[in-house]
Amino acid sequence: MALSRSLAAVLFIFLSCYATVPSLATSDGFLQCLSAAIPEELLYMQSSPSFTSVLVSSIRNPKFSTPSMVKPLVIVTPTNASHVQAAVVCGRQNDVRIRVRSGGHDYEGLSYRSARPEVFAVVDLANLRSVSVDQTAATAWVDSGATLGELYYAISKASNTLAFPAGLCPTIGVGGHLSGGGFGMLLRKYGAAIDNVLDATLVDANGRLLDKEAMGADVFWAIRGGGGASFGIVLSWKVNLVSVPPTVTMFSVPKSVNEGAVDVLTKWQEVAPALPDDLFIRVVVQNQGANFQSMYLGTCDTLLPLMGSSFPELGLNRAHCKEMSWIQSVPYIYLGSTATVADILNRATSTTSFSKATSDYVRQAIPKDVWAQIFAWLSKPNAGLMITEPYGGKISSFPETATPFPHRDGVLYNIQYMNFWSAATDGSAQTKWLKDFYTFMAPYVSQNPREAYVNYRDLDLGENTVVGNVTNYEAAKVWGEKYYKGNFKRLAMAKGEVDPDDYFRNEQSIPPLVASK
């Protein structure tokens, strides 16, 4: 790491030559500084013919791809760490902030757009996407620009009995996913993605390249769940790989309201968090039905008696079972039964559906009569859906303070609410339904604070206020304690250590809280 610190020092000396004239300490000075340090083919100014195509290449929600969107001054597409360091140094010297995009799945688009007028640049990590698997040690180094699909695929090529416990969508970028926590079908067996992070490399606000030891315990704690782009730019992560059997069993069992969905859901919320941690059953609730989707780390022969004794209300039978390898389960659960393993390497996604989402955590079972009311809400015009994922097992075994992600012991399940619309409408009716349904659910979910998951980012929970060119801590608590509970203050203290001037800032970034000396 000494070499990296030396490189940062050289960059400061070299690049300062391009920012000594006051009139250039502007966007023009920033672009000149970048051009002096980074190859031209890696820079996409707004005047570039390829600017728009690069910008929209990983915009996952087309509602942010509009003429009125506040766009970056330039998109930097680094191919090595020195390019990222140079971008930070140039940005600091010329008062141009940087936003960081790995996969483009930020629910509010904050990795590539600003919700307010601002001059900023985007560092797009799509070219930094290598994955190196050590099968013997059961670890991997993965770049932040890699997708989950690319990570999963590389693991499967090394071993058919190793996996990584992260999300379902294969196009999600590793950087943003791990920064917010990250969880999927293995959460009850192995916890969240951040529970399996061993090391990381971070470019801080001074352009230094730091590993776990150099960044210090507080910052390393903060980047594992404290949200992306508050503490610096994480370039790569060393992760622990986990064991899976050669065969896993998937099932998908739909139940309509007429088939007893209300009774089955009422039972599910008590059973699912208490099942053996090899078994995960989530539910997609939409219209007048509930689809129970599951992964079991074992064969159908062992699953059937377990379900028969623990959850007979679902009515699982052998015809529901689909046995496959873990890597085959990745496309199966997200892309469908006809998708292949190779399909998870496709970074492109359809951008025809506009969407809005928010989240909740449930700590006490929702009464049966309320589930009946929920289905009434889901049958209204312009209604969306809800996805429920059970906790218990490993993810609930950690103390709330182990990582910034605090949703641990006592959580029965989380809820993701989503609604969708097309370009033919402005989405106001769909957004109103979502807000009204969220209000309806308030008595039945966690309270004081009403918890939310940062990777299901929602600016309606609150936005930062900047006072004296620094994000105000008290104002940020409004949204921050929903995502992080009592960990929010420690996150702000870590921010005060590594970025006291609040260079890495967005509408929901962690504010710096600097300890008085």
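Author: Start with pairing: two strands pair if DSSP finds at least two bridges between them. Keep in mind that this is a predicted model.

Reader: What is the strand order in the open sheet of five strands?

Author: The order is S5-S6-S10-S8-S9, and the pairing is antiparallel.

Reader: What makes a strand an edge strand here, and which strands are they?

Author: An edge strand pairs on one side only.

Reader: Why are H5 and H12 called roughly antiparallel?

Author: H5 and helix H12 (residues 326-335) pack at about 155°. That is over the cut-off, so the two helices are roughly antiparallel. Their axes are 9 Å apart, and the crossing is left-handed.

Reader: Which residues meet where H5 and H12 pack?

Author: From H5 come Tyr152, Tyr153 and Ser156. From H12 come Trp326, Ile327 and Val330.

Reader: Why is H12 called largely enclosed by the rest of the structure?

Author: Buried means under 20% relative accessible area. Seven of the ten residues of H12 are buried, so the helix is largely enclosed. The buried residues are Trp326, Ile327, Ser329, Val330, Pro331, Tyr332 and Ile333. Their cover includes H5, strand S7 (162-163), strand S12 (248-256), strand S14 (289-296) and strand S15 (322-324).

Reader: What comes just after H12?

Author: Gly336 does, with a positive phi of about 110°.

Reader: Which residues touch the most other members of the largest nonpolar core?

Author: That core has 120 residues. Phe164, Trp237, Phe292, Trp326 and Ile374 touch the most other members. Apart from that core lies another, of 29 residues, among them Val74, Val76, Val88 and Val96.

Reader: What does Phe164 touch?

Author: Leaving out residues up to four places away in sequence, Phe164 touches residues including Leu151, Tyr152, Ile155, Val239 and Trp326. Tyr152 belongs to H5 and Trp326 to H12.

Reader: Why does Ser111 count as buried?

Author: The limit is under 20%. Ser111 has 8% relative accessibility, so it is buried. Ser111 sits in the loop between strand S3 (97-101) and strand S4 (120-124). Beyond its neighbours within four places in sequence, Ser111 contacts Arg99, Val100, Arg101, Gly104, Asp106 and Val122.

Reader: What makes Ser509 buried or exposed?

Author: Apply the under 20% limit again. Ser509 has 1% relative accessibility, so it counts as buried. Ser509 lies in the segment after helix H16 (488-498). Setting aside neighbours within four places in sequence, Ser509 contacts Ser230, Asn464, Thr471, Trp479 and Phe504.

Reader: How many residues apart along the chain are Ser509 and Leu42?

Author: They are 467 residues apart along the chain, with 27 Å between their C-alpha atoms.

Conventions. Residues numbered from 1 in each chain as written. Predicted model: local features only at pLDDT ≥ 70, side-chain atom pairs only at ≥ 80, totals over all residues. Heavy atoms only, no water. Helix = DSSP H or I, 4+ residues; strand = E, 2+ residues; numbered from the N terminus. Core = buried A, V, L, I, M, F, W, Y, C linked by side-chain atoms within 4.5 Å. Buried < 20%, exposed > 50% of the residue type's maximum accessible area, 1.4 Å probe, protein only. Contact = heavy atoms within 4.5 Å. Axes fitted to C-alpha atoms, helices over the stretch in contact; angles between N-to-C directions. Parallel < 35°, antiparallel > 145°, perpendicular 65-115°, else oblique. Left-handed = near helix turned anticlockwise from the far one by under 90°.
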